[in-house]
Amino acid sequence: MATMAGVPRTPGPGQVPPAHLRVTNQDREHVVEHVQAAYAEGRFDKLEFDDRLERAMTARTHGDLMPIMTELYGTQAAPQLVPRPAPVRHERAPESNERLGAAAAHLLVLLGIPIVGPLIMLLTGGKTSPYIRRHALEALNFQITVVGATVLLPFTLIGVVLLPFIWVASVVLAIVGGVSALSESTFRYPWTIRLVK
């Protein structure tokens with residue numbers, strides 16, 4: 001990697017990024033798409049698919065992702081993992097079980113399990129479905145925010161007054177989130193502290 005006055009420079013077009021460079025969610029999803037396409041072509045079995053998918057979803061650096069692409073394409077033909085502007089791409093429509101899993105991440109709060117419900121969906125369905133992962137992360141961060149507010153607000157008089165409204169709003173928003181997930185829509189909760197990425 002070229003440097004100027006000791007400061008590393010970002011790789012240019014066509015250059016491979018250094019192995020220690022942190023990856024983005026877009027980089028992970030890019031590799032996941034290639035893994036899913038290779039699996040659909042029958043290039044490896046379910047066990048190999050699960051292994052590569054797990055490694056791609058938990059990758060932290062380009063050094064974690066590059067071996068997966070090399071396994072798929074070899075050293076010469078592997079697409080470059082170069083940081084680039086987000087491409088305009090059409091994400092495949094989620095299947096019915098993905099929509100149900102994403103909706104469950106929002107709606108499990110109605111059963112009285114506000115944080116555990118989305119966390120279970122994130123750790124199970126979120127490993128194989130970016131759609132479930134996205135909705136489960138959003139629901140998890142919102143429920144963490146609501147539980148945090150429930151713990152902290154009673155220390156103030158206005159907080160005690162606001163709490164019932166926050167609880168009602170959280171249930172309504174969870175229902176809206178569940179309906180959005182079923183209808184293949186993106187949903188973002190308002191007033192949410194996004195601690196989990």
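This is a predicted model: local features need pLDDT of at least 70, side-chain atom pairs count only at pLDDT 80 or more; totals for chains, interfaces and linings use all residues.
View 1. Helices α1, α2 (residues 46-57) and α5 (residues 116-123) each contribute at least two residues to the lining.

**View 2. The largest pocket, with a volume of about 410 Å³.** Of the 17 residues that line this pocket, Asn25, Glu29, Arg133, Arg134 and Leu137 lie nearest its centre. The elements that give two or more residues to this lining are α1 (residues 25-40) and α6, and the largest share, seven residues, comes from α6. Sorted by class, the lining of the largest pocket holds five nonpolar, four polar and eight charged residues.

**View 3. The contact of helix α4 (residues 96-107) with helix α6 (residues 130-152).** The axes of these two helices come within 8 Å and cross at roughly 5 degrees; because angles under 35 degrees count as roughly parallel, α4 and α6 are therefore described as roughly parallel to each other. On the α4 side, Asn97, Glu98, Arg99, Gly101, Ala102, Ala105 and His106 take part, and they meet Tyr131, Ile132, His135, Ala136 and Ala139 of α6. The residues of this contact divide into six nonpolar, four polar and two charged.

Notes
Residues are numbered from 1 along each chain as its sequence is written. Side-chain values use heavy atoms; hydrogens and water are left out. Axes are lines fitted to C-alpha atoms, for helices over the stretch in contact, and angles run from 0 to 180 degrees between N-to-C directions. Helices (H or I, at least four residues) and strands (E, at least two) are DSSP runs, numbered from the N terminus. Angles under 35 degrees count as roughly parallel, over 145 as roughly antiparallel, 65 to 115 as roughly perpendicular and the rest as oblique. Contact means heavy atoms within 4.5 Å. Ala, Val, Leu, Ile, Met, Phe, Trp, Tyr, Cys and Pro count as nonpolar, Asp, Glu, Lys and Arg as charged, and the others, Gly among them, as polar. On a 1 Å grid over the protein atoms alone, a cavity is a set of points where a 1.4 Å probe fits but cannot get out, and a pocket is an open set with protein on both sides within 12 Å along at least five of seven lines; lining residues have an atom within 4 Å of a point. Grid points are joined across faces, edges and corners, and a volume is the space filled by probe spheres set on the points.
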